[in-house]
Amino acid sequence: MKQIPNIFTLLNLFLGCVAIIYIVQPGLAPVFREVNPEYLAAGVNNDGTQYVSVPEQAVIGSILIGAAAVVDFLDGFVARLFKATSDIGKQLDSLADVVSFGVAPGMIIYEFLRMSVALQTNGLDAGIIWLLPAFIVPCAGAYRLARFNIDTRQVNGFKGVPIPAAGLLIASFPLIYWFSGTEWITGLFTNKWFWYGIIIIASWLMVSTLPMMALKFKNFSLQDNWPKLLLAIVAIIAAIFLQWLAVPLVFVVYVLLSLLLKLNVS
């Protein structure tokens, strides 16, 4: 029984590894920009629509990261259910999270940066140096997890945004890109400066010491859980009207709500 939570944790890691495989599988998709001769190497259709190699399978990778998040939630629940919490389980959980919510989302940013840089003038000749900032995200996530593992005081809240939250935010972007069907989304997601901004914001939020609320329900008291219930209501309403765009909105609401509550996370 004591190994059942660890099996869930390893499943989280397994899903993260498979997600990475799908994320790095390229496909072809149109981008809505005027054709420039410099882009011809990327591919132009007969009707003048420009095509580039994009992380098409990243959609499946995003879904797998979401599945890893569900499993990550369940392993803690199962550990408490069987009273099988352990130090090795805590360390194993962090190692799995680095892959599923750090490396895999970092690869999503890498692939979108690769596409964004390729669309620039002489972009196909650009060096890899433009793409390497994507891996600041998993580095920031690893640092945050290491700090969490040696801090026994983060019980009712966290210091900095949890890596699963940042990972799910980034994992939502391929889904938004593919299913939004709007030109401004395409333009935004093929702009390298957008991705550099995401890297800075997500990484800083993780390594910061800002007080963030934990999303686990320890009792059924409305007084203790109203912020989580409010966040759940916002998530449901946003999902109905905004579809995948609801994920970034819920992430922003989570951060703002945590800061407004001024949690005592010493």
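In the predicted model, helix H3 (residues 87-118) and H5 come within 9 Å of each other, axis to axis, and cross at roughly 35°. Residues Asp97, Val98, Phe101, Gly102, Pro105, Ile108, Ile109, Phe112 and Met115 of H3 meet Ile163, Pro164, Gly167, Ile170, Ala171, Pro174 and Tyr177 of H5, contact meaning heavy atoms within 4.5 Å. Helices (H or I, at least four residues) are DSSP runs numbered from the N terminus. Axes are lines fitted to C-alpha atoms, for helices over the stretch in contact, and angles run from 0 to 180 degrees between N-to-C directions. H3 passes H5 in a left-handed crossing; a crossing is left-handed if the near helix is turned anticlockwise from the far one by less than a right angle, and right-handed if clockwise. By class, the contact of H3 with H5 has 13 nonpolar, two polar and one charged residues. Here Ala, Val, Leu, Ile, Met, Phe, Trp, Tyr, Cys and Pro count as nonpolar, Asp, Glu, Lys and Arg as charged, and the others, Gly among them, as polar.

Residues are numbered from 1 along each chain as its sequence is written. Local features need pLDDT of at least 70 and side-chain atom pairs count only at pLDDT 80 or more, whereas totals for chains, interfaces and linings use all residues; side-chain values use heavy atoms, with hydrogens and water left out.

H5 also packs against H7, at an angle of about 165° and with the axes 9 Å apart. H5 is therefore roughly antiparallel to H7, a term for angles over 145 degrees, while those under 35 count as roughly parallel. The crossing of H5 past H7 is right-handed. Ile163, Ala166, Ile170 and Phe173 of H5 make the contact with Phe194, Trp195, Ile198, Ala202 and Met206 of H7. These residues divide into nine nonpolar, no polar and no charged.

Helix H4 (residues 136-149) and H7 pack at about 10°, with their axes 8 Å apart, so H4 is roughly parallel to H7. In this contact, Ile136, Val137, Ala140, Gly141, Tyr143, Arg144 and Arg147 belong to H4, and Ile199, Ser203, Met206 and Val207 to H7. The classes are seven nonpolar, two polar and two charged residues.

The second largest pocket has a volume of about 280 Å³. Among its 16 lining residues, Leu169, Phe173, Ile198, Pro248 and Val252 are the closest to its centre. Helices H5 (163-180), H6 (183-189), H7 (192-207) and H9 (246-261) each give two or more residues to the lining, which comprises 16 nonpolar, no polar and no charged residues. On a 1 Å grid over the protein atoms alone, a pocket is an open set of points where a 1.4 Å probe fits, with protein on both sides within 12 Å along at least five of seven lines; lining residues have an atom within 4 Å of a point. Grid points are joined across faces, edges and corners, and a volume is the space filled by probe spheres set on the points.

Terms used. Angles under 35 degrees count as roughly parallel, over 145 as roughly antiparallel, 65 to 115 as roughly perpendicular and the rest as oblique.
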